[in-house]
Amino acid sequence: MGSADSKLNFRKAVIQLTTKTQPVEATDDAFWDQFWADTATSVQDVFALVPAAEIRAVREESPSNLATLCYKAVEKLVQGAESGCHSEKEKQIVLNCSRLLTRVLPYIFEDPDWRGFFWSTVPGAGRGGQGEDDDENARPLAESLLLAIADLLFCPDFTVQSHRRSTDSAEDVHSLDSCEYIWEAGVGFAHSPQPNYIHDVNRMELLKLLLTCFSEAMYLPPAPDSGSPNPWVQFFCSTENRHALPLFTSLLNTVCAYDPVGYGIPYNHLLFSDYREPLVEEAAQVLIVTLDHDSATSISPTVDGTTTGTAMDDSDPPGPENLFVNYLSRIHREEDFQFILKGIARLLSNPLLQTYLPNSTKKIQFHQELLVLFWKLCDFNKKFLFFVLKSSDVLDILVPTLYFLNDARADQSRVGLMHIGVFILLLLSGERNFGVRLNKPYSVRVPMDIPVFTGTHADLLIVVFHKIITSGHQRLQPLFDCLLTIVVNVSPYLKSLSMVAANKLLHLLEAFSTTWFLFSAAQNHHLVFFLLEAFNNIIQYQFDGNSNLVYAIIRKRSVFHQLANLPSDPPAIHKALQRRRRTPEPLSRTGSQEGASMEGSRPAAPAEPGTLKTSLAATPGIDKLTEKSQVSEDGTLRSLEPTPQESSADGSPIVEEPGQAWREQRRLSSASASGQWSPTSEWVLSWKSKLPLQTIMRLLQVLVPQVEKICIDKGLTDESEILRFLQHGTLVGLLPVPHPILIRKYQANSGTAMWFRTYMWGVIYLRNVDPPVWYDTDVKLFDIQRV
């Protein structure tokens, strides 16, 4: 039958279904088979031939027919999984049912009355499928569907290479050990199967259906206490699924082994169409959804050094019920970590390669899914995190992350990407090794829209952060605390900042310490505290190599004197705020010598008007997002979070810091009847007295007269002479006793878990446009907005 006929027959069946007012019996095979038996329709055809309005009409007007359609389609998948899909006809039926369910499921999920449908049992559909006696142990439809999909993903000659020789009988699906059929070499599997286009396409169709099953999460509004796991994911990743381990491994290896360059030959992708990429994208999306797990509320497996012969570490406790999370957290072999890290770094760097040899490699689009996957790996597997930081390989993650941050800074539709990039750097910056690694010279010249500089990866990080703060869009302001926390966390380890980076840090201090900025919001002064803390760390712990920063501080000394003499009387506050009304500019762009941008770079562009974006959950404040620890002499960390009983005589917590002082400040600043916050003198004095200026004031007191004397004696206007003097100078014994180093480490909390859920599903919603699985359905987890 031609494909035009087959589309026509399929369309006729759909029309019959939507016009029938009477229920059609489940036993009427002649009617139901029209939907899958004789048709060869692509998934795009199914979406075109089954319009949304008609699915909703059947749902409202003849619900029993929609229920039967779902039940029959699932039954066909179960039969295909049981038989092993040997004939072409069986394979076609499985694919047709899979496409039909992918089309219909979102309309089941969008209606709260239907939400329990897949979790109810269907009379007569026992676990053995043998009629009435099985009713008491009947499986809910959702479970039958998920188990069938899992079986079908390891079906010889359909989704995996058959191992039999031509003389053998077909492999028995029930006794088949799917661990021998893992899709790709990598973690826990050494054999790389021959690439097979048909198998990849079939896997992709089934994974799309699986992702659609999991997408029920999109139709539930974001709940702060969303501790209840997604029932589809929960069942699929449980011990009920005998393929959980091989499937987890197949997905992870498929993603990490993918090489879009085309076997290392430039321009190869122009000669061969790459059918692997859509599968890799689908695998990455399924993987991050199965790993959606609130680690704040569950016990993570302990990290001890035991290794076993398997790819998964068998140390107890058993860890989370979700086997995918469990397996991910127990990977422990060095070569597995190397494979994963190299794979993710290769894929994240792909858009950067584009800029050296345009079109030499295929440009991949799934970097957001990769960043979520990398985040999950570091969050759930501490051994992986330590491995990443053990060598300078971490810089292969850092550079692309900074590239994405810089590139997306002006684009409102990519706020989510900005957040995940910053969260990853915040997580890494909690470890001392990250700061140490940043001292490696930065020589790769990825064309980026930033000033040219010669220096280290730390300079790159500071220059990009400065660019985000001074020329990103308004909605990035909540990230400023995070960006500066990262700078503070790495500051004690930075051996030598370039002049460009030193000037950028001082420009930020200048911008943040203007009176209108300090007085215009209750938390703006935290940014000044963070910068001063970073300067203090560098002066106290890395003075010797940092003559550029010291010189920049001396040149901008007036900023520090102004801070020390900050006015706090009501008329001065009033005057500062008046000035702000005249110039509503977010931050002063003046005073920062921009210099030319790097060659070959394009300026960061705003979103095209009309670009779709999804809303995001609010992110917790920096005091909820991080936990303070003090670095002891031997380099170990001691948590500084005050326990309830640990407070001083007047009842205030021992560790005073912007985060905790902030409630106190709310009390001191007056909130007018309209709920509008306004600063008061008491409020300004409450934090002004805590500004950590002593170290810098002492440095200025000692060095400024010496520098001035050199200038007068030698009639100098030349920087190099002063820098040479500062390089050889020393402040030993002249500065206050070094303060202990404070690190603010990321801590898992349900706020970030909710943020990740909305971000991840938003990405999946927007990226699945062919076919548009969720478009125009009534999703509740986020809003869809146009820029």
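**Holes, core and helices**

Q: How many cavities of 30 Å³ or more does a search of the whole structure find?
A: This is a predicted model, where local features need pLDDT of at least 70 and side-chain atom pairs count only at pLDDT 80 or more, while totals for chains, interfaces and linings use all residues. Residues are numbered from 1 along each chain as its sequence is written, and side-chain values use heavy atoms, with hydrogens and water left out. On a 1 Å grid over the protein atoms alone, a cavity is a set of points where a 1.4 Å probe fits but cannot get out. For the whole structure, the number of cavities of 30 Å³ or more is seven.

Q: Which helix gives the most to the lining of the largest cavity?
A: The largest cavity has a volume of about 130 Å³, a volume being the space filled by probe spheres set on grid points joined across faces, edges and corners. It has 12 lining residues (an atom within 4 Å of a point), and those closest to its centre are Tyr403, Asp407, Pro447, Ser601 and Arg602. Helices (H or I, at least four residues) and strands (E, at least two) are DSSP runs, numbered from the N terminus. With three residues in the lining, the top giver is helix α17 (residues 395-408).

Q: Which element gives the largest share of the lining of the largest pocket?
A: A pocket is an open set of points with protein on both sides within 12 Å along at least five of seven lines, and the largest pocket has a volume of about 800 Å³. Of its 33 lining residues, His367, Gln368, Asp411, Ser413 and Arg414 are the closest to the centre. Elements giving two or more residues are α15 (367-380), α17, α18 (415-429), β3 (612-614) and α33 (750-767). The largest share, five residues, comes from α33.

Q: How many of the 18 residues of α8 are buried?
A: Helix α8 (residues 197-214) reaches 26 Å from first C-alpha to last, close to the 26 Å expected at 1.5 Å a residue (1.5 Å times one less than its number of residues). Buried means under 20% relative accessible area, exposed over 50%, partly exposed in between (1.4 Å probe, protein chains only). α8 is mostly covered, and its buried count is 14.

Q: Is Glu205 buried or exposed?
A: Glu205 is found in helix α8. Its side chain makes a 2.7 Å polar contact with that of Arg99 (N or O atoms within 3.5 Å; within protein, one must be able to donate a hydrogen and the other to accept it, and residues adjacent in sequence count only if both atoms are side-chain atoms). Because its relative accessible area is 12%, Glu205 counts as buried.

Q: What separates the C-alpha atoms of Phe530 and Leu483?
A: Phe530 lies in helix α24 (residues 525-541), and at 2% relative accessibility Phe530 counts as buried. Phe530 and Leu483 are 47 residues apart along the chain, and their C-alpha separation is 9.8 Å.
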